[in-house]
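Please look over the following model with its sequence alongside.

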Amino acid sequence: MASVIGGLIGTLFIIATMSMLWKDNVFFRFGQAAVMGASIAHYTFMNFQSVHNNAIKPILAGNVLFIIPLILGLLMYSRLSSELSWLAKYPTSVLVGVGTGVMIAGTLRGQIIDQIKQTILDAFTGLNGILIFIGVVTAFSFFIFTKEHTGALGTSVKIGRVFLMISLGANFSGELVWYLTQMIGRLMYILNEFIWPLLGA
Amino acid sequence: MQQSGEIAVIKTGTYLDILLMIILVAATYYYYEKTKDPNWKPFIRHIPALDAISEGVGKSVEEDKPVHFAMGASGGQLYSNLVSMTLTALAFLRHITGLCAEYGARLIVHMPYQTESIPIIEGTAREGFAFAGKPEMYRRDDMRYYGRGALTWTQGVTASYAEEGVGLNLSIGIFYSDCPISLEMAHIMGGMNVGGTGRWIMAYAFAMMCDYVFLGEEIYAAAAQVSEDPAMLSGILIEEVGKFFVYILLIVGTLLAAVGLDVASLLSL
Amino acid sequence: MATVRERLAKTTRFYQIIWALCLVGMFIPLVAPLGLPVVLSEPVKDYYNNIVGLPEGSVIAVSFGASASLLDEQEAQFLATWKTVFQQGHKVIFYCTTEDSPIVLRNELQVVVPESYGYTYGEDYVILPFSPLAEAGETAFAQNIRSIYTTDIQGTSLDAIPLMEDINDQSGIDLLIFQYTACTSIEWVVRQWVVPFNKPVIATTLGCCGPMAAPYYPTQVQGFLSGSGAGTELEVVSGNPGPGAAMGDAKNLGILPFLAAVLWMNIKPFIGKEE
Amino acid sequence: MAIFKREIPTAVLSFIGIVILLAFFTTLDIFETLKGVVTSWIPVVSAASVGLGLIYMVYAQYMNYQRKKTLNNQIYLVVPLIFFVIFFGTAIVVPGNTASDAYQWLYFHIYQNVGGTIYAVMFFTLASSAIRTMRLVTKDSSGAVQFRLEAAALMFGGLIYTLRQIPLFQVYLPGIVGFGEWVMMVPNVGGGRAAVIAAALGAIVVGIRTLWGKERTTTEVD
């Protein structure tokens, strides 16, 4: 019986969420508000636990250095006061500093040089490789900003945009079928957690 | 890590990275020097979606509906490799606050779920209004936060569209699987969508659902244009230097490979 | 003004009819299955072979970044993977990189119970708690596990866990199974595990992320599962049936109304219908 | 005072960023160690800020309610708090915390369920946008038919790979798997790779500007 009730509540939440596609309504609002509260509770708890494990425990164990990130994290809350809000710049600077360093280091190799290398190697593997090569060269020209897209550049951009659009279409279909699976998963939930137990009970 | 017999301070396998880095840093220095001349103004091709932003703000005022600004459910990444996109989105936030102040449109900002980014987003919006001479237009309750995760974010944004209406919906930043709902819902509710993301995998949603789209890297160029900040404008020229390098590497690499050189190991330096 | 609004309402109604038809299409096979055969793909076979190819007792690290909301897409993958791993007797270090991971993992390990394969917690497998690692965290993990995790999920110090005794960094790990849901995250593992340490990596991810993983396969990422379809394939190739089979069926009918609508919109201008 | 508000944070940012770059590019252990220390801080800084979200949410909902006392705003004020208390309370009070059966029940039936449904909703929104966009020809106001090359390319990539993923077509449309993979591995890679390289350059330039101390967003906002 408990599982049927769980299934019923779950089913109601599914319907409330999907009802937005029909029309804005009060059940949708209720479902949304409930999950908003639940998600903040969940993530607040998990992150407190993570602070406890990754900072408080090491500090208590004698690793005093972890007091620094803890203080930095707390400085974020200075944003709530208009006089002290500038203090939040310190933790933000640390985060952005790490992010920028890691980003530049990783992007140079992984997203530029390795991609160029792969394109050159592909070009000698036959017709498909040549097609990839043409695609990269022409599509890349679309991202030139200091010249108007006319003349030879214009032709290259036109071809490049076709490649770009095919790529967009392929990405679209990958997601479409994934979301389809999600919908089927929810239908399976309704059947397995609510309808079958209800009929069986 | 040191190779025997040589003093290798630089890691093997990063030579080309460093070369490209040096080129870009040198270009940065060169163009930053140029920006000291107040008359210096580079040519940058027209990006159609840019005009659409002010058109959209005008439309919002006409219809008496708010302007929505979204930078993605997880658009507040400050320490990942997507940090540049967060900063670019903030440049647009600053721009749109200026436009809203000028036209007198209400601005609703849908903040991403990364709480660590709240201070910088809030600060940008407040500064934007203050800079435009209308600090009173900044309202903290229009800085919306919907809890962690993409799911509550999409719901919250949709509910906000339904509740307050959509004039212009400007969506720029790091988007994952949240934009297919937020963009389509804004469209269905009669809003005008303008936006783009640097994450190519999601760019399709913008191409299909937006009235005007910034395709991929266009967001960086557009951000520079709207900012009118010389440092950002010269950024586009620095990128063009990088693109030149990419083309050179592609052409030279292909030629070398064609005459039988081992390009794979050359490019692994 | 009104005409724009009326037209919008009319097209919205048209969309809603298509949506409803798709929904009905998905529902029918769930009640009355069609039972179509499954076509196997190379990345899935390689994924499987990498797990079974390891010598018994090898250490597998699982970077587990699951999302509870996306479980429909991945549950079949997880269940079939754990079954395969446990059948081989490999030691497993699970570490959780998203807030949802500990709960999802706990649920999945109640379906595939390690103890029923003769596993003992702490000796044969261990679960490390949630920490928002991202790329910087993956780097730190590969360099020094204890700089990120000092205890396991139950609060036991890592030094008190027999399995973790000699494992301090990537050198103690024979294979990494990287589970992620944000498509570009595959680059993290390539940059932080494969490029510096040349560690064998296989990945599990969503269907939409397959295209982003494909360029790294098979040189850098040695095999990957993308989407529920790949989960179904792993069920077949490893001989461990699971929830993937029913999903395949429902996809078939669910997509048809959409395809028909696209076709209709393209025919319409030629048969004289107005926009 | 101004130096603490602007110059020092910028210097901190640049210093950390450059240290991390040097750790990647050089063999000197000092940078590697520093990088290890700073990167292990990041999860703590980020996790400690999580309470800000709760404060912002409650504040925004409260102000909304004050402005307009509608039923919807009432729901937004009360319901999130109720569910916050239910979830947070269960996580704290029940032994086993989030691993307890009670929490799992809540999580599975409510949270995970709605999350899954949101993604399911996207199937429908994507479908309708595709129906709108994937049109090979349009008629303009004069009735003249126009062929749309870019829409055709989008449709080509979209439909072929969709068919490739559906079991029905895999079985009864011979060659679709190979054709679908070809679209994914050839034209998609050509276009996608160019976009990735271009966006990477854009990102690096923003990165250099940030480390240089010229990124307005990080220097001026306070």
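**A loop residue and its surroundings**

Once its neighbours within four places in sequence are set aside, Met20(A) is in contact with Asn25(A) and Phe28(A), and also with Thr158(B), Ala162(B), Met185(B) and Met189(B). The model is a predicted one, and what follows should be read as a description of that prediction.

- Met20(A) sits in the loop between H1 and H2 of chain A.
- With a relative accessible area of 7%, Met20(A) falls under the 20% limit and is therefore classed as buried.
- Val51(A) lies 31 residues from Met20(A) in sequence, and the C-alpha atoms of Met20(A) and Val51(A) are 37 Å apart in space.

**The interface of chain A and chain D: extent**

- Chain A brings 107 residues to the contact, while chain D brings 112 residues.
- About 9700 Å² is buried between chain A and chain D, and carbon and sulfur atoms account for 79% of that area.
- On the side of chain A, the residues that lose the most area to chain D are Phe45(A), Trp86(A) and Lys89(A), which together make up 7% of what that side buries.

- Two salt bridges are found across the interface of chain A and chain D.
- A salt bridge joins Asp122(A) to Arg193(D), with 3.1 Å between the closest N and O atoms.
- Counting pairs in which both residues are at pLDDT 80 or more, 20 residue pairs are in polar contact between chain A and chain D.
- Several helices of chain A each supply at least two residues of the side that touches chain D, namely H1 (2-18), H2 (26-60), H3 (67-75), H4 (89-123), H5 (127-141) and H6 (151-200).
- By residue class, the side of chain A that touches chain D consists of 66 nonpolar, 33 polar and eight charged residues.

**Cysteines**

- Over all chains, the structure holds zero disulfides.
- Cys96(C) is in no disulfide, and the nearest cysteine sulfur, belonging to Cys209(C), is 19 Å away, whereas the rule for a disulfide asks for a pair of cysteine sulfur atoms within 2.5 Å.
- Cys96(C) counts as buried because its relative accessibility is 0%.
- Cys22(C) likewise counts as buried, with a relative accessibility of 0%.

How values were computed
Residues numbered from 1 in each chain as written. Chains lettered and ligands numbered in written order. Predicted model: local features only at pLDDT ≥ 70, side-chain atom pairs only at ≥ 80, totals over all residues. Heavy atoms only, no water. Contact = heavy atoms within 4.5 Å. Buried area = accessible area lost by both parts, 1.4 Å probe. Salt bridge = Lys/Arg side-chain N within 4 Å of Asp/Glu carboxyl O. Polar contact = N/O pair within 3.5 Å; in protein donor to acceptor, adjacent residues only side chain to side chain. Helix = DSSP H or I, 4+ residues; strand = E, 2+ residues; numbered from the N terminus. Nonpolar A, V, L, I, M, F, W, Y, C, P; charged D, E, K, R; others polar. Buried < 20%, exposed > 50% of the residue type's maximum accessible area, 1.4 Å probe, protein only.
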